[in-house]
Amino acid sequence: MSTAHPKRRPRHLRRWGAVYILTALWAISSVLFGLAETATQTNEAMQHGQGFQWSEFWPTYWSGYFENLQSEWAQLVFQAVLLLGAKHWLFQVDAEDLERIESKVDILIEQHSNKRT
């Protein structure tokens with residue numbers, strides 16, 4: 001009878017897998033944003049009877065890209081501040097329960113040590 005161990009993911013992937021996934025999603029979204037911006041620039045140029053020009057594409061691309069990035073960072077910072085602020089309020093009951101349990105354990109230890117002496 002074989003006692004083969006199930007395949008385990010390497011430690012590196014377990015630790016950094018989420019980073020790789022988020023980086024891939026960021027890269028894919030950046031490429032898709034670039035493709036959408038290229039289509040928009042091409043359509044606008046055609047409406048004005050002109051051809052697509054990279055010199056007009058890049059300022060518009062970077063402007064839109066950093067505008068979206070700034071919005072995402074603002075949301076992330078807001079969520080972090082909100083969660084850190086709420087952490088103390090949400091887990092205050094847990095902290096009080098732990099303090100109550102610790103005080104009871106301290107009493108039991110003291111009673112037990114008094115019985116020995």
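## The largest pocket

A pocket here is an open set of points on a 1 Å grid over the protein atoms alone, where a 1.4 Å probe fits, with protein on both sides within 12 Å along at least five of seven lines; lining residues have an atom within 4 Å of a point. The space in this pocket is about 410 Å³. That volume is the space filled by probe spheres set on the points, with grid points joined across faces, edges and corners.

Helices H1 (11-47) and H2 each give at least two lining residues. H2 supplies the largest share, eight residues. By class, eight lining residues are nonpolar, five polar and one charged. Nonpolar covers Ala, Val, Leu, Ile, Met, Phe, Trp, Tyr, Cys and Pro; charged covers Asp, Glu, Lys and Arg; the others, Gly among them, are polar.

## Basis of the model

This is a predicted model; local features need pLDDT of at least 70, side-chain atom pairs count only at pLDDT 80 or more, and totals for chains, interfaces and linings use all residues. Residues are numbered from 1 along each chain as its sequence is written, and side-chain values use heavy atoms, with hydrogens and water left out.

## Fold and burial

The protein has three helices and zero strands. Along the sequence the pattern is α-α-α. Helices (H or I, at least four residues) and strands (E, at least two) are DSSP runs, numbered from the N terminus. Of the 117 residues, 9% are buried. Buried means under 20% relative accessible area, exposed over 50%, and partly exposed in between (1.4 Å probe, protein chains only).

## Helix H2

H2 has 37 residues, which at 1.5 Å a residue should span 54 Å; the end C-alpha atoms are 52 Å apart, which agrees. The expected span is 1.5 Å times one less than the number of residues. Phe57, Tyr61, Gly64, Tyr65 and Ala86 are the buried residues of H2. They pack against H1. Contact means heavy atoms within 4.5 Å.

## Aromatic pairs

Rings of Phe, Tyr and Trp (its six-membered ring) pair if their centres lie within 6.5 Å; planes under 30 degrees apart count as stacked, over 60 as edge-to-face and the rest as tilted. By this rule there are 15 aromatic pairs. Trp54 and Trp58 are stacked, because their ring centres lie 5.7 Å apart with planes at 25°. Both sit in H2 (residues 54-90), four residues apart, about one turn of the helix. Trp58 is partly exposed, at 38% relative accessibility.

Trp62 and Tyr65 form an edge-to-face pair, because their centres are 5.7 Å apart and their planes stand at 90°. Both lie in H2, three residues apart, about one turn of the helix. An α-helix has 3.6 residues a turn, so residues three or four places apart point the same way. Trp62 is partly exposed at 38% relative accessibility, whereas Tyr65 is buried at 13%. Ring pairs link Phe33, Phe52, Trp54, Phe57, Trp58, Tyr61, Trp62, Tyr65 and Phe66 into a cluster.

Glu37 lies in helix H1. At 12% relative accessibility, Glu37 is buried. Leaving out residues up to four places away in sequence, Glu37 touches Phe57, Thr60 and Tyr61.

His12 is also placed in H1. His12 is partly exposed, at 43% relative accessibility. With residues up to four places away in sequence left out, His12 touches Gly17 and Tyr20.
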